[in-house]
Amino acid sequence: MVIPDEWLVMNDDLTLPGATDTERGSSLWRDAWHRLRKNKMAVGGLFILILMCVLALLTPWIAPYSYEEQNLVLGAAGPSAQHWLGTDTLGRDLLTRLLYGGRISLAVGFIATSVALTIGVLYGTFAGYFGGRVDATMMRLVDILYALPFMIFIILLMVIFGRNILLLFLAIGAVEWLTMARIVRGQVQSLRQQEFIEAAISMGLSQWTIIRRHLIPNTLGPVIVYTTLTIPSVMLFEAFLSFLGLGIQPPQSSWGLLISYGVETMEEYPWLLIFPGLALSTTLFALNFLGDGLRDALDPRASKD
Amino acid sequence: MALLEVDNLSIWFHTRNGVVKAIDSVSFSVAEGETLAIVGESGSGKSVCCYSLLGLIPSPPGNIESGTAIFDGRDLLTLSERELRKVRGSKIATIFQDPMTSLNPYLTIGEQLIEPLLYHRAMSRKDARGRAIQLLDEVGIPGAKQRFDSYAHEFSGGMRQRVMIAMALIAEPRLLIADEPTTALDVTIQAQTLQLIADLQKQRNLAVIFISHDLAVVAGIADRVAVMKDGQFVEYGPTEAVFDRAQHPYTQSLLAAIPGGAKPGSPATSSSSPDSPLIEISHLKTWFNGTEETTSNATVKAVDDVSLSITKNEILGIVGESGSGKSTLGRSILQLVKTTSGSIKFDGEELCGLTPHQLIPYRRRIQMIFQDPYASLNPRMTVFDALAEPLRYHGLATRKTVLPQVLNLMDDVGLAASAMRKYPHEFSGGQRQRIAIGRAIATKPEFIVADEPVSALDVTIQAQILELILRLVEKHNLTMLFISHDLSVVRYICDRVAVMHGGELIESGATETLWHHPQTPYAQSLLAAVPRLSSRSS
Amino acid sequence: MGKFVLHRLLQAIPVLLVVITATFFLVRSAPGGPFSAEKAVPPAVLKALEARYQLDQPVLNQYFSYLGDLAAGDLGPSFRFPGRSVNEMIYAGLPATAELGLYALLISMLLGTTAGVIAALKPNTAQDYIPMSTAMIGICLPSFLLGPLMMLVFGIWLEWVPISGWGNIPGDKILPALTLASGYTAYVARLSRGGMLEVMSQDYIRTARAKGLPEWIVVIKHGLRGGLIPVVAFAGPAFAGLLSGSFVVETIFQIPGLGRFYVQAAFNRDYTMIMGTTVFFAALIILFNLLSDILAVWLNPKLRQQTNGDSG
């Protein structure tokens, strides 16, 4: 899966007599995919994740009730045929609320992670590739930022500027990019010393070509793995803030917020705690197992045997 | 009566992809005071064979299927883990290949040295310390008393291996298994280490099993030799017999593959060609400033005031030990490292100080072959991609012509056209080096820097790649700088040789002249240390 | 080593300064100012309040006088509760939080490393899968979910342990400590498993075995030192995590600790209180990062000597 260049892509119309019987090589990506497919937990995680995403995307069309629809007469009721997961104290359908909450939780996870991914990869690649003083300065900055107590800062931000969801995305993303930058930088730095980069330089390839064709495809593995593992930690963080009442603001909802409501009434209506908890944990499990599976599958040491 | 008598040993590895017969019905014996050498290429099973005696192979997947190994009257293969532990380090000791990774970086060498005494001989720490210092002294570590509390990284490679030897011998074992003990060492250090092992063996009447890939090393020290291939002994007998009257074709091919003698088809002295030099280096200095990674901030003078020239169609060898600056010299010519001062002229034009952009036309004309063919190929590019890239980038092929040109290159370096869409990890080491060589000659360069191109390869493969290089140099009128630590290889392939030591070029001359009449003491010691087949004593 | 420690200490000062400055200006830039939330404060009263908290002064003056107070160890008064100072609050809340944190740190380090090492000794067997699957549960069941669930099951349904308070009823410290420790125990277990697997495949472990050492000596003396370096390096960040984890745990179990005070202050928009505790937390976290850095260097002889070389 080398980043395709028009002038290098193997075109089938190019086949010559004598080259028709070429054996199809098995790229590292394909090998990794084969290994991943054998890992049942990881495949299960991937499946659950896709299911969650599809449900979140289709929520407005598939949710059985409207989000705010109250039924004060019914009040909090356990799971039934009408309300599969029961209702909350205001008689609102829990399944509907979980679906809408999932949209927010997943969105925070994915958006904040992509913020982190973009900043981290660019920063790390730059520092690692240029090395020397540039690298030292850039990584010193990361070290300093690392030492800052971000969790507390984000709480501070939320208190001061109000519970703004956009701010939440940015704030979490701005914290998580640090580790991504470190990972990418370390990877680029070790690749930079590899002889195939030297070979590319001595071939006269431009820096941009080297970065694009030789560096980035080889850093992709760890980046994918870490991205998969960042999403759950971001979702956890959002849930944590929402639980404390400092994250998502009603009437919007997220799994963390639903859990915190559930805790208040868990003695009488335990399902209000258990179902949101189950939704969050299942997603976290899925992402973590997928991340672990990807790590095992993409580990270069494993691919040599 | 032999000290160790192994009979009909078979070890199979039960992997997911089936059963691998790592050791297949192997029998041998070693007596006290005797050295048995087991020789084989990588993957032949030579190490597994010895580790299995000590219960050091991972099991599963490894399983001893049959055989006996009678050591001192007891069958090692039937001993319990607990009984085996009493044999390991106490009666049978081991030295490993890489002393850097084989010593614990978190413990002082003294602490590691005394362990066998503490656990096998129940000695007090104080007595053990005294004994350890005495032995460190014996293996030639200066200031043994002070170095007792040092860590492994504070020693040089040769000294570390001496520490390993002391550690192996401290509990007075009767059998020493030496697994490629000198492979990671420079040639002069190798000679010293071999001598040390031989001396210690004589004093202690030790039995030694010496595992090696290098027949030349073995020739000088072994009493008996076993040649191993695919888990079997294809040849086993007294050293004389194996070297002089090898029966098995594999042994014969191994012997034939050892680069011996002068460059084929060339006169003993290089004909002084009237050609102007293609490369002219004068007063080149490449210094590195201490970075954060090195311990000191001192400047490293990797290349220090080197002047040399290479004429067209010549292969110039650069020999030197690790840290001599030979690789840096090669990388300086390619402008892969920043030179400090001096000049490098290629075809009359100055390379030093050019911008990356100005260098591009020269990049086509100067190429490089690297030591590790796996590391020098992008693992995510197919052979086609790797070979097409330089062609397309330098505009040497069009969309239409790139495929036949790549196929042509693959044919040139001896790769099957059908392998075009495969990835580097699907090839063997030798084939990978062929891909790398193909990439280097793709742009039809005039000059190639080859940095230890065969030192990561098995000896039979090495011979094939050397042949390939010679053929290509001939065919494409190449000029080459051939960097190597292996003097036999250099002698076999180079017209002229230059010796580097501590960043300086201390001697150069026509290969055969230098081989037979080295002038400087360093070159003399270097040549004296080269293990040769002919040097074996009766 | 001494100079290395000093060097790191000096490095920590600008970091702390950045934290203080950022906190100060963030709080000052709060939209509407700290008193806007209060309904209908008479202008005169507002004026008096602002004078009392020096809000009528230029911002830079306020900043430097705040720095001066901090240097003297005074974290300032509370906005919401006149007469109470941040120092008093920290004094009141710290013992419970410190005790809770200490228990959690001990549990996570001891239990985590033990589980990780045991798993690493026999990878891909039941001995590996069982502790590691348990660890996965610890990671995927966050404290704000695990805490209430344990409360529900062990406190309310089974009535084994008390479900709130701190030091009032015997056993009331069990659930909070376990809740806070769970996530970190899991991380530590995974880290130490990874570290040990890496180390146990090293050549020097083979050397130790070839010397005929008993396996437990090979593991403890030769393996553990290198294998636990990642855990030591994680201890600093883990401490920061424990601190913020205490916000949740103290809130759930109603423990009168710093974390709960902090969350309450956040809800009350008690700006000086938040500012003071943020600075205090930051200083603690920086200190612990420093300690874990130093320990990691000290455990590695090569790094230890390099730092000596630098200072020489």
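Visitor: How many residues does the contact take from chain A and from chain C?

Guide: Contact means heavy atoms within 4.5 Å. Here chain A gives 38 residues and chain C gives 45 residues. Bear in mind that this is a predicted model, where local features need pLDDT of at least 70, side-chain atom pairs count only at pLDDT 80 or more, and totals for chains, interfaces and linings use all residues. Residues are numbered from 1 along each chain as its sequence is written, chains are lettered from A in the order in which they are written, and side-chain values use heavy atoms, leaving out hydrogens and water.

Visitor: What area do chain A and chain C bury between them?

Guide: The size of an interface is often given as the accessible area lost when the parts come together. That buried area uses a 1.4 Å probe and is summed over both parts. For chain A and chain C it's about 3,500 Å², 81% of it on carbon and sulfur atoms.

Visitor: Which residues form a salt bridge?

Guide: A salt bridge is a side-chain nitrogen of Lys or Arg within 4 Å of a carboxyl oxygen of Asp or Glu. The count between these two chains is 1: Asp292(A) pairs with Arg190(C), with the closest N and O atoms 2.9 Å apart.

Visitor: Which helix of chain A supplies the largest share of the side that touches chain C?

Guide: Helices are DSSP runs (H or I, at least four residues), numbered from the N terminus. Helix 10 of chain A supplies the largest share, 11 residues.

Methods: Buried area is the accessible area (1.4 Å probe) that two parts lose on being put together, summed over both. Helices (H or I, at least four residues) and strands (E, at least two) are DSSP runs, numbered from the N terminus.
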